[in-house]
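Visitor: I'd like to learn how to read the pockets of a protein. Could you walk me through them with an example?

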Amino acid sequence: MTTRTRMNVYFAPDLLAQVEALALRRQVSKSAIIEAAVASFLSGDTSDRLEAAMSRRLDKLGREIHALDEDLAVLGETVSLFVNIWLAATPPLPESAQASARAKGAERFEGFMQTLGRRLATGDRFLKELSRDVDSLRDSPAQSQSGATGDPS
């Protein structure tokens, strides 16, 4: 059996209420909570562990931000390329056809928004699909053979 020494300490009433509430929630004694708190306070490596944990979390956040930055760059380039090609390839409409073109455009836009909503609801993402497609092209035997023969097709 562990020998324990009794010690009387004074707490602010609100702090003591918090200790009592924690003891009830965790179903441990108030002494065990106070002992654990004092041991944690006195241990010299607590700040080192906290710093290491924070460093790991910050590194992870940094990697996630970098990945998001790359995804955003791909998305920006994709939209930019699409708009450039669309503007270059779309001839101007005569005035008599503009009203029907606006109506058809509104109908197509509604379909686009519904499709986008479904994709977002299911979790499918264009960049994930693109990544899978590129990976499957890299891993395909036809790609490996054409690279080995020097044939670019």
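Visitor: How much space lies in the second largest pocket?

Guide: This is a predicted model, and in it the second largest pocket holds about 250 Å³ of space.

Visitor: Which residues line the second largest pocket?

Guide: A lining residue is one with an atom within 4 Å of a pocket point. Here the list includes Leu 75, Phe 112, Thr 115, Leu 116 and Arg 119. Also among them are Leu 120, Asp 124, Arg 125, Phe 126 and Leu 127.

Visitor: Which helices supply at least two residues each to that lining?

Guide: Look at helix H4 (95–122) and helix H5 (126–139). H4 gives the most, with five residues.

Visitor: And how do the residues of that lining divide into nonpolar, polar and charged?

Guide: Six are nonpolar, one is polar and three are charged.

Visitor: Okay, on to the other one. What volume does the largest pocket have?

Guide: About 640 Å³. It has 17 lining residues, and the closest to its centre are Thr 5, Met 7, Val 9, Ser 31 and Ile 34.

Visitor: Which elements give two or more residues to the lining of the largest pocket?

Guide: Those are helix H1 (13–26) and helix H2 (30–42). The largest share, six residues, comes from H2.

Visitor: How many nonpolar, polar and charged residues does the lining of the largest pocket have?

Guide: Sort them by class and you get eight nonpolar, four polar and five charged residues.

Conventions. Residues are numbered from 1 along each chain as its sequence is written. This is a predicted model: local features need pLDDT of at least 70, side-chain atom pairs count only at pLDDT 80 or more; totals for chains, interfaces and linings use all residues. Side-chain values use heavy atoms; hydrogens and water are left out. On a 1 Å grid over the protein atoms alone, a cavity is a set of points where a 1.4 Å probe fits but cannot get out, and a pocket is an open set with protein on both sides within 12 Å along at least five of seven lines; lining residues have an atom within 4 Å of a point. Grid points are joined across faces, edges and corners, and a volume is the space filled by probe spheres set on the points. Helices (H or I, at least four residues) and strands (E, at least two) are DSSP runs, numbered from the N terminus. Ala, Val, Leu, Ile, Met, Phe, Trp, Tyr, Cys and Pro count as nonpolar, Asp, Glu, Lys and Arg as charged, and the others, Gly among them, as polar.
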